[in-house]
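Reader: Please take a close look at the salt bridges in this model, and describe the setting of each pair that you discuss.

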Amino acid sequence: MSLLRFVEKNAEAYLINFLLFNIVLWVFVQVIMRYIFSSSLPWSEEFVRWCFIWFIWVGVSYGFKTRRHICVTALINGLPPKVKTMIGIITNLLVLWCMIKLFLYGWQQVSSPIITRQSSIVLYWPLSDLRVGMQWLYASLPVGALLSSLRLVQNIIEDLIALKTPPEIKSPLQLKAGGN
């Protein structure tokens, strides 16, 4: 159970760090190769692009997990806490609906015959002559949308618990935010 809890708490953070490390590393190596050795790696630009696309979709999920997405709160700042929570639940339900639609459309795209026949021109699997299939790139959309959906469901459950919890008892949301 502790392995599942570790993955639930840290999966996106470690994946984001891994992807960002690869982006920085291979851009740096490519700059060194071009300007010092007057040569370049044929695959690094596409690999960095793929890492960046995955980085974005996993980052969306991480933003929902940490509740750190950019938002405009000028209209709801003056409202009572319960009303703010209800607006947050409604907003999360709308975004959840969008993420479920993105997952379904992304899954259709990944499994379409056109995408399954395509492969990268310059990316090969390590130690083989097999090209990397484009479905690995396109899979970032349904995977990111699914992760985001799971995080949104967690947020909705936390908010519902916060609505039902009497004000004198700390809700899980207040404990997470460090409120008194």
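Author: Relative accessible area sorts residues into buried (under 20%), exposed (over 50%) and partly exposed (in between), computed with a 1.4 Å probe on protein chains only. The model is predicted, so local features need pLDDT of at least 70 and side-chain atom pairs count only at pLDDT 80 or more, whereas totals for chains, interfaces and linings use all residues. Residues are numbered from 1 along each chain as its sequence is written, and side-chain values use heavy atoms, with hydrogens and water left out.

A salt bridge is taken as a side-chain nitrogen of Lys or Arg within 4 Å of a carboxyl oxygen of Asp or Glu, and by this rule there are 5 salt bridges. One of them joins E12 and R151, with N to O at 2.6 Å; since E12 belongs to helix α1 (residues 2-35) and R151 to helix α6 (residues 140-164), the pair ties together parts that are 139 residues apart in sequence. Helices here are DSSP runs of H or I with at least four residues, numbered from the N terminus. E12 is buried at 2% relative accessibility, and R151 is buried as well, at 6%.

Another salt bridge pairs R34 with E45 at 2.4 Å, N to O, and it links helix α1 to helix α2 (residues 44-66), parts that are 11 residues apart in sequence. R34 is partly exposed, with a relative accessible area of 39%, and E45 is partly exposed at 43%.

R67 and E158 also form a salt bridge, their closest N and O atoms being 3.3 Å apart; R67 is partly exposed at 33%, whereas E158 is buried at 19%. Salt bridges with shared partners join E8, E12 and R151 into one network.

Notes: Helices (H or I, at least four residues) and strands (E, at least two) are DSSP runs, numbered from the N terminus.
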